[in-house]
Amino acid sequence: MTSKRNYREALNYEFAFQEIKKESPLLLDDRIVLILGNIIERYSRSRKELAERVEMRREMPLSMCRIGSTVVVKDLSADDALSKRLYSMGLIKGVFVKVVSAEYNRSDDH
C-alpha cells in the first residue's frame, strides 16, 4: 500500500494504517494492528521532527552535503535520461537521502 504502483500512487503510512484498521476485524489480530499503529506513530513523529530540522537549513547541492547527513530532496536538475534514472532509483522530491559519499566525477569537467 505504501509503495508506488503502475495503477496508483503510494499511500502515506497513516492512510494505509486507517485502511488496515478498517479491514482488521476480519483479517488481522487486533494486537498486531495495535502494535503496527504504535510503530507507524513513532515513525511518523520522527520523520516529521527530522523534516522540521532539515527545513531550517538552507538549500544546497547534494554534492555539498556532509557525509553521514540526512537531507530532503527539494529539486532535481538533470537531463531527461538522468531524471528517469534518478526516478527509477526513488530519488524524487520530498525523499529523505543519507549522504554516503562525496565523490564528484563528471567527464566534461576535465
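Reader: Is D29 buried, partly exposed or exposed?

Author: Buried means under 20% relative accessible area, exposed means over 50%, and partly exposed is in between (1.4 Å probe, protein chains only). D29 has 33% relative accessibility, so D29 counts as partly exposed. Bear in mind that this is a predicted model: local features need pLDDT of at least 70, side-chain atom pairs count only at pLDDT 80 or more, and totals for chains, interfaces and linings use all residues. Residues are numbered from 1 along each chain as its sequence is written, and side-chain values use heavy atoms, with hydrogens and water left out.

Reader: Which side chain meets D29 in a salt bridge?

Author: A salt bridge here is a side-chain nitrogen of Lys or Arg within 4 Å of a carboxyl oxygen of Asp or Glu. For D29 the partner is R31, at 2.8 Å, N to O. R31 is exposed, at 60% relative accessibility.

Reader: How many salt bridges does that rule give?

Author: Four. Among them is K93 with D75, where the closest N and O atoms are 3.7 Å apart. That pair links distant parts of the chain, 18 residues apart: K93 is in the loop between helix 3 (80-88) and strand 2 (96-98), and D75 in the loop between strand 1 (70-72) and helix 3. Helices (H or I, at least four residues) and strands (E, at least two) are DSSP runs, numbered from the N terminus. K93 itself is exposed, at 57%.

Reader: What about E19 and K22 in helix 1?

Author: Here's the general idea: an α-helix has 3.6 residues a turn, so residues three or four places apart point the same way. E19 and K22 are three residues apart in helix 1, about one helical turn, and their side chains meet in a salt bridge at 3.3 Å, N to O. E19 is partly exposed at 24%, while K22 is exposed at 55%.

Reader: Which residues of helix 1 are buried?

Author: A16, F17 and S24.

Reader: And where does helix 1 bend?

Author: A bend at a residue is the angle between axes fitted to the seven residues ending there and the seven starting there. Helix 1 bends by about 35 degrees at K21, and a proline, P25, follows within four residues.

Reader: Last one: which residues make up the largest nonpolar core?

Author: In soluble globular proteins, nonpolar side chains tend to be buried together. A nonpolar core is a set of buried Ala, Val, Leu, Ile, Met, Phe, Trp, Tyr and Cys residues joined through side-chain atoms within 4.5 Å. The largest one here has seven: C65, V71, V73, L86, L91, V97 and V99.
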